[in-house]
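I opened this entry to trace how the fold is put together.

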Amino acid sequence: MYLYIPVKQNLSNSDIGNYISYGIRCIEIKTGQAKQSAFISDISVDFSFAAELALKCTLGQLSPCHLADIVEDEI
């Protein structure tokens, strides 16, 4: 089973300074053990966008190897 969760990040950029952004982490759960399978950083400054995308990925049980493609398609 794959669980996709939004991750709050405190980031910095030389042009705009410090800002808060959200990435998406994929946790793979197998036989009672959990491990990170994928992580895409700095997807959006909009928490709702990252949370909704993470939920869609979880409900669809998206394979982690496709996470980058889905993020690219959505932004």
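My notes follow in the order I looked things up.

I am working from a predicted model. Three of them form an open sheet in the order 1-2-3, with antiparallel pairing. I then asked why one side of strand 1 and of strand 3 is left without a neighbour in the sheet.

**Strand 1 to strand 2.** I found 12 bridges in this antiparallel pair. The hairpin that joins strand 1 to strand 2 passes through three residues. I looked up I5 and found R25 as its bridge partner in strand 2.

**Strand 2 to strand 3.** Strand 2 covers residues 17–30, and eight bridges join it to strand 3, again antiparallel. I followed R25 across and reached its bridge partner F39 in strand 3. Further along, I29 has A34 of strand 3 as its bridge partner. The hairpin here has two residues between the strands. In that turn I noted T31, with a positive phi of about 40°.

**Helices on the sheet.** Which strands does helix 1 touch? I found helix 1 (residues 47–59) packed on the sheet, in touch with strand 1, strand 2 and strand 3. Its direction makes about 155° with that of strand 1. Helix 2 (residues 67–74) lies across strand 1, strand 2 and strand 3. I read its angle to strand 3 as about 25°.

**Helix against helix.** I next compared the two helix axes. Those of helix 1 and helix 2 come within 12 Å and cross at roughly 135°. The two helices are therefore oblique to each other. I noted their crossing as right-handed. On helix 1 the contact is made by F49, L53, K56 and C57. On helix 2 it is made by L67, I70, V71 and E74.

**Core.** How many residues does the largest nonpolar core have? I listed 11: Y4, I24, C26, A38, I43, L53, A54, C57, L62, L67 and V71. Strand 2, strand 3, helix 1 and helix 2 are the elements that give two or more residues to this core. The largest share, three residues, comes from helix 1. I ended on V71. Leaving out residues up to four places away in sequence, V71 touches I40, I43 and L53.

How values were computed: Residues numbered from 1 in each chain as written. Predicted model: local features only at pLDDT ≥ 70, side-chain atom pairs only at ≥ 80, totals over all residues. Heavy atoms only, no water. Pairing = 2+ DSSP bridges. Helix = DSSP H or I, 4+ residues; strand = E, 2+ residues; numbered from the N terminus. Contact = heavy atoms within 4.5 Å. Axes fitted to C-alpha atoms, helices over the stretch in contact; angles between N-to-C directions. Core = buried A, V, L, I, M, F, W, Y, C linked by side-chain atoms within 4.5 Å. Buried < 20%, exposed > 50% of the residue type's maximum accessible area, 1.4 Å probe, protein only. Parallel < 35°, antiparallel > 145°, perpendicular 65-115°, else oblique. Left-handed = near helix turned anticlockwise from the far one by under 90°.
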